[in-house]
Amino acid sequence: MIEAAALTKFYGETRVVDRASLTLTTPGVTAIIGPNGAGKSTLLSMIARLLPIDEGRAFVDGLDVTRTKGADLARRISVLRQENGLLARLTVRDLIGFGRFPHSRGRLTAADHAKIDEALAFLELGPLAGRYLDELSGGQRQRAFVAMVLAQDTRAILLDEPLNNLDIRHAVSMMRLVRRAADELGKVVVVVLHDINFASAFADRVVAMRDGRIVADGPVEAVVTEAVIEAVFGLPVMVREIEGQRSCLFRR
Amino acid sequence: MAEIAGDRLPAAASRNEMRRPARSPRRTLALLALLALFCSALFMTLGAHGNWSFVLPFRAPKLAAMIVVGHAIALSTVVFQTLSGNRILTPSIMGFDTLYALIQTLIVFLAGTTFLAVSDPRLIFAAETVVMILFALGLYGSLLKGGARDLFRLLLVGVILGVLFRSLAGFLQRLIDPNAFVVLQDRLYASFNSIDTELLAIAFVAIGIVTLIFWRLLPLLDVLALGRDIATSLGVDPDRLTRVSLGLVAVLVSVSTALVGPVTFFGLLVASLAVALVGSRRHAETLAAASLIAVICLVGGQTILERVLGFDTALGIVIEFFGGVVFLAIVMRRGLT
Ligand SMILES: Nc1ncnc2c1ncn2[C@@H]1O[C@H](COP(=O)(O)OP(=O)(O)O)[C@@H](O)[C@H]1O
Ligand SMILES: [Mg+2]
C-alpha cells in the first residue's frame, strides 16, 4: 500500500530526513513519534508528494508518487498537514464536500452527498454542518478537516498531528475514530503524534524518528520501552503497564 | 465520544444565525445583473433626445468597451488573488499593467514608425499580448511558484517592479523619435474617457476565449483556494494551475490596459465588494459578482458623471479614489497577516 524506500530530504547540507524506509501493507494504525524537528512532517509530506523527494522513492499502491498523475494518487492516498490556511470562507459541509473532488471533479452526485453525510456522522459534526469554519473552535475545525480527509475515501490516510488543538477528551475521541477507521473501514492510517501515550494506547505499530532517521519500528511493546524512548527523546522516562495499558511518564 | 458535538455553544449558534447572509448568492447575483442592465440602459438612452441614429452608434462601442474592461479587470483580480493566496494583491498592484505599458513602448521603440504605419493595430496588440504572457510567466511565475506565503515580500516586489517598469518606459519614451511617440501616446494614454475602440473586436474574442477556459478551470480554482497542500492532496497540481491561470491573467490585463490604460485599485475594489456580497465559497459566484459590480461601477459611474453631473473626465479618478480607500481599509483592518 505505502512503501518508502530510503527517502531523503536535504535542507542545505543537513539531511532532515535521512534514508527513511517504511512499508505498510495491511489496515491498521501506525504512529510516528519523535522530538520536534525529527523530520516526521517532512517524511509524511514526501510520501504524500507535498514536498519534492531528494533521494529515494515512494510508492502508493505500487505507483511512484513522483511520476503518477495527481488525480490518480488522490483516489489512493489522502493527507492532512499540520497547518491549513484557507483563502475561501467555507462551511463545514463545503469543506467536507471538497474531499469528494478526486471522485466528482467538483460536481457532487447523490453518492458524494451520501459520503459527505457519512463523514459528518463519523466525526459527529452533523449539528455543525452549516457553520462557517471561522466560527468554530480550533478542535472543531480540526475535526472538520479530518472529516474532509475521510470523505476522500482513500485506503491510505496520513495525518500530521491531528491532536493539535484538541483537549484530552477530544483527543481520545479522535484517536478512537482513527482506530475505527482502521478496524471498520479497513484504512491504512499513519498518524504523527507527539504524545507517546496516545501512540501506545491506540497504535498497532510505532515508528520512532530522531535526527531524520527511523531509529525504531515495531509493535508498541517493542518501541515504547524505557531504553528506546530515552534514546529517541534524550530524556529519562519510566514506562509502566497500568491496567494493561502501557504508559510513559517523565521523571522530574 | 457521544457528547463530542455537545461543545457547540448556544450563544455562538444564535450569533451565527444572525450573521448568515440574508440573501442567497443567486438572488444577489440576479439583483446585480438587473442593476448592471439598468445602468447600461440608462447609459445608452439618457439625454439622447430621440437622436437614436446618432447616439446609438456613438455610445454602443463605449458601453461595450466598459463591459469588456470591467469583466477583464474583475476576472483577472479574483483569479490572481486565488493564485497568490490572499485578498490584497492584485495584478495591477503587482505591476502587471505597467509591464504592459513598458512592452507597448518597447515594441514601438524597437520597431519604429514604419512598422506602426503599415501594421494593423490588432496585429500589434496580438504581438504585445504574446510578449506580455511570456514576461508575466517568467517574472510572476517564479514569484508564485511553490506558493506565495510571504505576502510582504510579494507586495514589496510588486511595488518595486511597478516603479521599475514605469521608469524604464519613461526612459525609452525619451529616446523614441517624436513621430513614433505621437502614435504611442495615443495608445499609452487611453483612459475611460478616450477608450481605444479600434481594438474592441479582438478584445471581445480574446476575453471570450479566456472566460471559457476559466469556466472550465473554476472547480480547480475552488480547490486551489484551500491552499497548496490540500489542493495537491486532492489531485490538483498547484504549480501547473498557477502557470495556466497566470498566462490567462496576462491576456486579460493586456486587453484592459490596451483599452483604458493602467488602473491600479479598481480590481481590488470590485473583488472586495464581490466577496463581501456573495462570499468566497465558489469562484463561479465570486467571479460573476465581481464582473457585474465592475460593470455597474464603470457604466453607472460614467452615466452619473457624464450625463447627470456633466463632468466627463473624472471616472478614472473617482474609481481610483474609492479603490484606494478600500485598499487602505483592508490593510489597516487586517494587517498583512
Ligand atoms: N522549509 C524548510 N527550510 C529549512 N529547513 C526546514 C524546512 N522545513 C523543515 N525544516 C527543518 O527540517 C527539520 C524537520 O522538520 P519537520 O519534518 O517539520 O520536523 P517534525 O515534524 O518532526 O517536528 C527541522 O529541523 C526543520 O527545522
Ligand atoms: Mg511536524
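**Ligand, cavity and sheet**

Author: An oxygen atom of ligand 1 sits 2.9 Å from a polar backbone atom of A:K40, a polar contact being a pair of N or O atoms within 3.5 Å; within protein, one must be able to donate a hydrogen and the other to accept it, and residues adjacent in sequence count only if both atoms are side-chain atoms. This is a predicted model, where local features need pLDDT of at least 70 and side-chain atom pairs count only at pLDDT 80 or more, while totals for chains, interfaces and linings use all residues; side-chain values use heavy atoms, with hydrogens and water left out. Residues are numbered from 1 along each chain as its sequence is written, and chains are lettered from A and ligands numbered from 1 in the order in which they are written.

Reader: What does the side chain of A:S41 do with ligand 1?

Author: A polar side-chain atom of A:S41 is 2.7 Å from an oxygen atom of the ligand. The protein covers 55% of the 570 Å² of accessible area that ligand 1 has on its own (Shrake-Rupley method, 1.4 Å probe).

Reader: Which helix gives the most to the shell?

Author: Helix α1 (residues 40-47) of chain A, with three residues; helices are DSSP runs of H or I with at least four residues, strands are E runs of at least two, and both are numbered from the N terminus. The shell, meaning residues with a heavy atom within 4 Å, includes A:Y11, A:V16 and A:P35.

Reader: Switching topic. How many cavities of 30 Å³ or more are there?

Author: Five, from a search of the whole structure. A cavity is a set of points on a 1 Å grid over the protein atoms alone where a 1.4 Å probe fits but cannot get out, and lining residues have an atom within 4 Å of a point. Points are joined across faces, edges and corners, and a volume is the space filled by probe spheres set on them.

Reader: And how much space is in the largest cavity?

Author: About 110 Å³. Its lining includes B:I73, B:D97 and B:G267. Two elements of chain B, α3 (52-84) and α10 (238-260), are those that give two or more residues to that lining.

Reader: Last one: what is the strand order in the open sheet of chain A?

Author: β2-β1-β4-β5, with antiparallel pairing; two strands pair if DSSP finds at least two bridges between them. The edge strands are β2 (14-24) and β5 (63-64). Strands β1 (residues 2-11) and β4 (residues 55-60) are joined by five bridges, and A:A4 stands opposite A:A58 in β4 of chain A.

Key
On a 1 Å grid over the protein atoms alone, a cavity is a set of points where a 1.4 Å probe fits but cannot get out, and a pocket is an open set with protein on both sides within 12 Å along at least five of seven lines; lining residues have an atom within 4 Å of a point.
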